[in-house]
Amino acid sequence: MRAPISDLPLVLDDVSLQAGATVILSRLSLTITPGAPTLIVGPNGAGKTSLLRLCMGLAAPSAGRVTWGGRTDRAPLRRAILFQRPVMLRRTTAANVAYALAIEEISRGCASVGVTLSVNNSLYCDPLLKYGTDAQKERWLKPFAAGEKLGCFGLTEPQAGSDAAEQRTTAVRRGDKYVVNGTKNWITNGPVADAMVLFTMTDLSKGTKGITAFVVDTGTPGFLRQKSDEKLGICASPSCTIFFENMEVPVANRLGQEGEGFKIAMSTLDGGRIGIAAQAIGIGMAAFEEARDYAKLRKTFDVPIAQHQAIQFMLADMITELEAARLLTLRAASLKDSGARHSRESSMAKLYASEAANRVADKAVQIHGGMGYSKELDVERHFRDARITEIYEGTSEIQRLVISNALLK
Ligand code: COS
């Protein structure tokens with residue numbers, strides 16, 4: 001059971017607010033209505049980073065400690081899900097730019113919540129929006145875009161990570177149904193998702209042209225979730241392996257035509273990589289800010305360490321890399337807004353932002369010295385959380401492959 005919104009106190013900076021309160025901040029307002037989704041309302045839609053930052057900052061204190069085991073605290077997740085409504089439903093001309101800014105700000109507070117939203121929005125909602133029929137959108141998109149339900153993306157298999165074409169999960173047509181058998185692993189949101197965009201082989205002899213996509217209710221008999229993965233970082237983002245045993249999926253749940261699955265998966269990942277780039281920048285910004293603030297406080301040799309050029313140069317490199325990463329990410333997002341193909345630009349953004357976030361988090365730990373190695377401070381969490389951004393939704397090596405393929409065509 002997810003906690004009802006009315007039970008969740010919201011803390012904005014020093015002000016503690018119960019459900020029912022309205023906060024007006026600048027030209028934006030945030031209304032917390034008991035029993036109803038929380039909306040961020042701005043003059044031109046989502047992407048108002050200062051407010052998002054305030055809102056999502058509240059997820060941070062508990063983020064490193066939230067687990068998905070026996071004792072589950074879903075409050076930060078529930079609150080965060082609600083914030084995706086304006087991102088998905090308010091279609092502004094800069095929807096993807098706003099989305100990237102929102103994911104960055106959310107991830108600055110909590111990278112786990114950032115990826116939960118990124119997977120739901122980019123990997124689940126986006127293919128439904130692009131390839132779904134009107135009937136599919138009504139049932140499988142609306143409640144997921146409204147924050148009432150959560151989606152996941154079933155592409156990865158034990159032998160099909162980087163080599164996504166190596167799908168072994170099969171879907172065999174029987175009348176008006178397909179029977180699905182196989183395994184997916186590392187499924188972000190898997191333990192808690194209500195539906196999955198699932199990739200299967202409908203014809204093993206056809207390679208990438210034999211892959212077909214479906215949208216599947218996770219409550220379908222034969223959809224068998226395994227225990228949640230235990231991970232180095234993003235500990236509040238649940239993931240798991242899923243087995244499919246003779247799972248029956250109606251033909252009406254097929255997304256696109258038979259054989260279109262690989263293109264759906266690849267074009268979806270083009271968008272997903274913008275979300276992960278934004279997540280990486282958010283983690284990096286949090287690590288940078290903590291290091292900068294700590295450097296002003298911590299003294300060695302009678303002066304704050306911020307007065308040592310060794311520290312100043314580290315801080316200068318950190319912010320320069322993060323701002324470069326943001327520009328690459330916003331360029332990819334803006335290209336997606338224009339409707340143009342953005343595979344190369346998304347890969348560049350994801351590659352650079354994820355590697356920059358890791359360099360920044362590493363330096364942030366170094367600036368903190370021994371305290372950077374302690375679980376008492378958030379910088380240790382940012383260091384762990386940053387690592388995955390170089391791996392999921394395509395490793396750095398895969399991004400280099402996509403970029404070089406585009407160069408050499
Ligand atoms: N958009 C639309 N179509 C695309 C595409 C994209 N971004 N990328 C590839 N395609 C199409 C190609 O145009 C080609 O179509 P045709 O056969 O009609 O020409 C087809 O898909 C096959 O493309 P390609 O031959 O490049 O596929 P490969 O098997 O060589 O795979 C890589 C390419 C490595 C780039 C792909 O497997 C990949 O991205 N892997 C990483 C997957 C990943 O990110 N996994 C992480 C887990 S998901 S959370």
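These legends go with a set of close-up views of a predicted model.

**View 1. The whole chain, to get your bearings.**
Of its 409 residues, 54% count as buried. If you take the contacts between residues at least 6 apart in sequence, 71% of them join residues at least 24 apart.

**View 2**
Two packed helices are described by the angle between their axes and the distance between the axes. Here we look at helix 9, residues 261-297, and helix 11, residues 343-368. Their axes are 8 Å apart and the angle is about 20 degrees. Angles under 35 degrees count as roughly parallel, so helix 9 and helix 11 are roughly parallel to each other. The crossing of this pair is left-handed. Sort the residues of the contact by class and you get 17 nonpolar, 6 polar and 4 charged.

**View 2. Helix 9 again, now with helix 12.**
Helix 12 covers residues 378-387, and its axis comes within 9 Å of the axis of helix 9. The two cross at roughly 150 degrees. Angles over 145 degrees count as roughly antiparallel, so that is the label for helix 9 and helix 12. Their crossing is left-handed. From helix 9, the contact uses Ile-283, Ala-286, Ala-287 and Glu-290. Helix 12 brings Asp-378, Val-379, His-382, Asp-385 and Ala-386. By class, that contact has 5 nonpolar, 1 polar and 3 charged residues.

**View 3. Helix 12 on its own.**
Stay with helix 12 for a moment and check how covered it is: 7 of its 10 residues are buried. Those buried residues are Val-379, Glu-380, Arg-381, His-382, Arg-384, Asp-385 and Ala-386. Some of them turned up in the previous view too, with Val-379 and His-382 among the residues touching helix 9.

Look for Cys-152, whose bridge partner in strand 9 is Met-196. Another partner is strand 10 (residues 211-217), paired with strand 9 in the antiparallel sense over 7 bridges. In that pairing, Met-201 stands opposite Ile-211.

**View 4. Strand 12 and two of its partners.**
Strand 12 takes in residues 239-250 and runs antiparallel to strand 8 (residues 177-188), with 9 bridges between them. As a landmark, find Ile-187, whose bridge partner in strand 12 is Cys-240. Strand 11, residues 223-228, also pairs with strand 12 in the antiparallel sense, this time over 4 bridges. The landmark in this case is Leu-224, with Phe-243 as its bridge partner in strand 12.

**View 5. Two loop residues with a positive phi.**
Asn-189 sits in the loop between strand 8 and strand 9. Its phi is positive, at about 75 degrees, although this residue is not a glycine. With 0% relative accessibility, Asn-189 counts as buried. Ile-234 is in the loop between strand 11 and strand 12. Ile-234 isn't a glycine either, and its phi is positive at about 30 degrees. A relative accessible area of 5% makes Ile-234 buried.

Glu-345 is found in helix 11. At 11% relative accessibility, Glu-345 counts as buried. Leaving aside neighbours within four places in sequence, Glu-345 is in contact with Arg-331, Ala-332 and Leu-335. Now move to Glu-397, in helix 13 (residues 396-408). Its relative accessibility is 56%, so Glu-397 counts as exposed. Look for Ser-162 as well: this residue and Glu-397 are 235 residues apart along the chain, yet their C-alpha atoms are separated by 8.9 Å.

Methods:
Residues numbered from 1 in each chain as written. Predicted model: local features only at pLDDT ≥ 70, side-chain atom pairs only at ≥ 80, totals over all residues. Heavy atoms only, no water. Axes fitted to C-alpha atoms, helices over the stretch in contact; angles between N-to-C directions. Parallel < 35°, antiparallel > 145°, perpendicular 65-115°, else oblique. Left-handed = near helix turned anticlockwise from the far one by under 90°. Contact = heavy atoms within 4.5 Å. Nonpolar A, V, L, I, M, F, W, Y, C, P; charged D, E, K, R; others polar. Pairing = 2+ DSSP bridges. Buried < 20%, exposed > 50% of the residue type's maximum accessible area, 1.4 Å probe, protein only.
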